[in-house]
Amino acid sequence: METCKDIIELLSDYLDGDLPAKTTRAFESHMKGCPPCMDFLDSIRDTRNLASSLRCEAIPEEVKRSLRDFLKRECRGGRS
């Protein structure tokens, strides 16, 4: 696990605390020496924090109907 691509694939598991200890140490070691990966991790953390602070609101029935109608039209059009 030495490339930035390898690290990026582990971000979610790292943030969720789901990586084995050895992998976590390797991940954190890479982060210390790779500012772009650290910036990306910070960006993901910020995004998760912002998303978790959003409130859930019901979708108005009119919007649901419009979305359903749109999807039906698109699905029919995609099969022709």
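Modeller: A patch here joins residues with over 30% relative accessible area and no salt bridge, like charges within 9 Å or nonpolar side chains (Val, Leu, Ile, Met, Phe, Trp, Tyr) within 5 Å. This is a predicted model, where local features need pLDDT of at least 70, side-chain atom pairs count only at pLDDT 80 or more, and totals for chains, interfaces and linings use all residues. Numbering runs from 1 along each chain as its sequence is written, and side-chain values use heavy atoms, with hydrogens and water left out.

Colleague: OK, how much accessible area do L67, F70 and L71 have together?

Modeller: Those three form a nonpolar patch on the surface. Areas are Shrake-Rupley values (1.4 Å probe, with only the protein chains shown as cover for residues). Taken together, L67, F70 and L71 have about 270 Å².

Colleague: And is F70 buried, exposed or partly exposed?

Modeller: F70 sits in helix 5, residues 61–79 (helices are DSSP runs of H or I, at least four residues, and strands are E, at least two, numbered from the N terminus). Buried means under 20% relative accessible area and exposed over 50%, with partly exposed in between (1.4 Å probe, protein chains only). F70 has 40%, so the label is partly exposed.

Colleague: On to charges: how many salt bridges does a search of the whole structure find?

Modeller: A salt bridge needs a side-chain nitrogen of Lys or Arg within 4 Å of a carboxyl oxygen of Asp or Glu. Searching the whole structure on that basis, the number found is 4.

Colleague: Which residue does R48 meet in a salt bridge?

Modeller: The N to O distance for this pair is 3.0 Å, and the partner of R48 is D16. The pair links distant parts of the chain, 32 residues apart, with R48 in helix 4 (residues 35–52) and its partner in helix 2 (residues 11–16). R48 is partly exposed at 34%. At 44%, so is the residue you asked for, D16.

Colleague: How far apart are the closest N and O atoms of R45 and D42?

Modeller: R45 and D42 are 3 residues apart in helix 4, so about one helical turn separates them. R45 and D42 are each partly exposed, R45 with a relative accessible area of 31% and D42 with 31%. In their salt bridge, the closest N and O atoms are apart by 3.7 Å.
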